[in-house]
Structure formats: structure tokens, C-alpha cells
Amino acid sequence: MRKAVATLRRAPGGRRLALSLVLALGVAPARGFADTAAVLRSLESAGRELKTMRAGFVETKVLVLLDERTESRGDVLLQVPGRFRWDYKTPQASVMVVKDGRFARYFPKSKQVFRGEAKGEADLLVGFGPGAADLGRKYDVALVGEEKVGDVQAHVLDLKPRAGQGGLFAGIRLWIDETRFIPVQTKLTEPTGDYTTVRFEGVRVNGPMKAGEFDLTLPKDVVEVK
């Protein structure tokens, strides 16, 4: 059986024929035969098991028309359900906390805090946690290949918002760890073509969280901006 599949894969159009043969005989597909539905199921399963996550991140914003690129680094925390904390360290220190459907972004240098309703901020962590179960409902999802992110082999998914779903982004690309089935990189593209890429490093899941990790401690003379 393996020799037959290998032979088909080397022939013109053989990858599709080999996959058809594997599925027809009820044999589990080997590595390299992943399909969109299978990756989504694995992502959903991993999302249901996720309770906490912490990681380092590298966030790159690109303004296409201005040909500008900025890079930020820091740490991110996630606690299910719906709590996120982004501690930006470079190039400018700031903290963003999302919880209870609201966001707060604090800039220590200017002692300003911006508050409002959380919208696109949650999409920075799309694919993590129970929300992974809704991806197929909210988006048209396509598996477009495999790539390495650092030393992690990843499935690459393209997400396009379905009609009526709205959202701030015209498209989202996810790189999904083929072993743990959690995102290791996210690319969020705006209708203007500008985009933000977030690469996650040293991802640790389901570890303990200290009390108050999602509380934002502000000085008495902070300026509130809404």
C-alpha cells in the first residue's frame, strides 16, 4: 500500500490520486495529506483544552502606501474566557488589557490610558481557546500550505470573513503548530492592505496564573482618554 501511494505521488497529478486512494481504502492520511477540515477539528480540540497561555511575541505593523514598517516586542497572557494582557517592552513600553468586553491601553511615558469597547483587539489571538470552534462559521477557511515559523512546522490557514460577519479585517492568515495545534503566527490584513503580523515565541499553555495578572495598576495622575 505504501509503495503504491508513493508511486502515485511521484506521477503527474499523483498527489490528488494518492489522497483519493488513501481515503477510499479508509487508511488514515500520512503527514502531508492534511486537509482544511482536519486542521480545523484539531485546532478546535486544542482550543477546548486551553485554559491559559503565556508567550513572548514579535508584532510587525506594515503601512503599505507609506512603505513603513514598525516592530514591537513583549509578552502576552491569555486566560479563558476572554482575558488578554499584552505587555509591550520595545520600542515603547505600554500595556493593553482586554477583559469583560472592554480594553484599556496604558502608556507609562505619557501617563495616559485609553479605554473603550474591545473589537479587533481580540483578533490578535484568534485561533486560541474555545473561539477556535467558531472559525468555520465566521470565516471561509482554506488550508493553503505548510511553512516553518522558526523551528516549528506549521499548517497555513487563510480566513476570509463570511457575509454578514463584519469584523475589522479583510483577511486573516494563521500558522498552526502541526504538533500542538495552536497558532504560532497570525497575520491580520485590513481593507486598506495594511497588515499586522504577530509571531509567538516560547508558547506555554495551561500553566498557573497569579491573582491580579489582568489588573491594570495606574498612577494617581493618569489621564483618562475614551
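**Exercise 1. The chain as a whole**

What percentage of the 226 residues of the protein chain count as buried?

*Solution.* The model is a predicted one.
Step 1. A residue is buried when its relative accessible area is under 20%. By this criterion, 38% of the 226 residues count as buried.
Step 2. The chain holds four helices and twelve strands.
Step 3. Among the contacts with a separation of 6 or more, 46% join residues 24 or more positions apart.

**Exercise 2. Two residues in contact**

Is S94 buried or exposed, and which residues does Y106 touch beyond four places in sequence?

*Solution.* 
Step 1. S94 belongs to strand 4. Its relative accessible area is 2%, and therefore S94 is buried.
Step 2. Beyond four places in sequence, S94 is in contact with W86, D87, Y88, R105, Y106, F107 and P108.
Step 3. Y106 is found in strand 5 (residues 102-107). With 9% relative accessibility, Y106 counts as buried.
Step 4. Apart from residues up to four places away in sequence, Y106 touches S94, V95, K111, Q112, V113, L216, T217, L218, P219 and V222.
Step 5. From C-alpha to C-alpha, Y106 and A93 are 8.9 Å apart in space, while 13 residues separate them in sequence.

**Exercise 3. A buried loop residue**

Where is L125 placed, and which residues is L125 in contact with, leaving aside neighbours within four places in sequence?

*Solution.* 
Step 1. L125 sits in the loop between strand 6 (112-117) and helix 4.
Step 2. The relative accessibility of L125 is 4%, so this residue counts as buried.
Step 3. Leaving aside neighbours within four places, L125 is in contact with M53, V76, L78, F84, W86 and F200.
Step 4. L125 and T186 are 61 residues apart in sequence, yet their C-alpha atoms are 7.9 Å apart in space.

**Exercise 4. The second largest pocket**

Which residues lie closest to the centre of the second largest pocket, and how does its lining divide into nonpolar, polar and charged residues?

*Solution.* 
Step 1. The second largest pocket holds about 410 Å³ of space.
Step 2. Of its 20 lining residues, E59, K61, Y88, R105 and L124 are the closest to the centre.
Step 3. Two or more lining residues come from each of strand 1 (52-63), strand 2 (68-79), strand 3 (83-90), strand 4 (94-99) and strand 5.
Step 4. The lining of this pocket consists of eight nonpolar, seven polar and five charged residues.

Technical notes: Residues numbered from 1 in each chain as written. Predicted model: local features only at pLDDT ≥ 70, side-chain atom pairs only at ≥ 80, totals over all residues. Heavy atoms only, no water. Buried < 20%, exposed > 50% of the residue type's maximum accessible area, 1.4 Å probe, protein only. Contact = heavy atoms within 4.5 Å. 1 Å grid on protein atoms, 1.4 Å probe; cavity = no way out; pocket = protein on both sides within 12 Å on 5 of 7 lines; lining within 4 Å. Points joined across faces, edges and corners; volume = space filled by probe spheres on them. Nonpolar A, V, L, I, M, F, W, Y, C, P; charged D, E, K, R; others polar.
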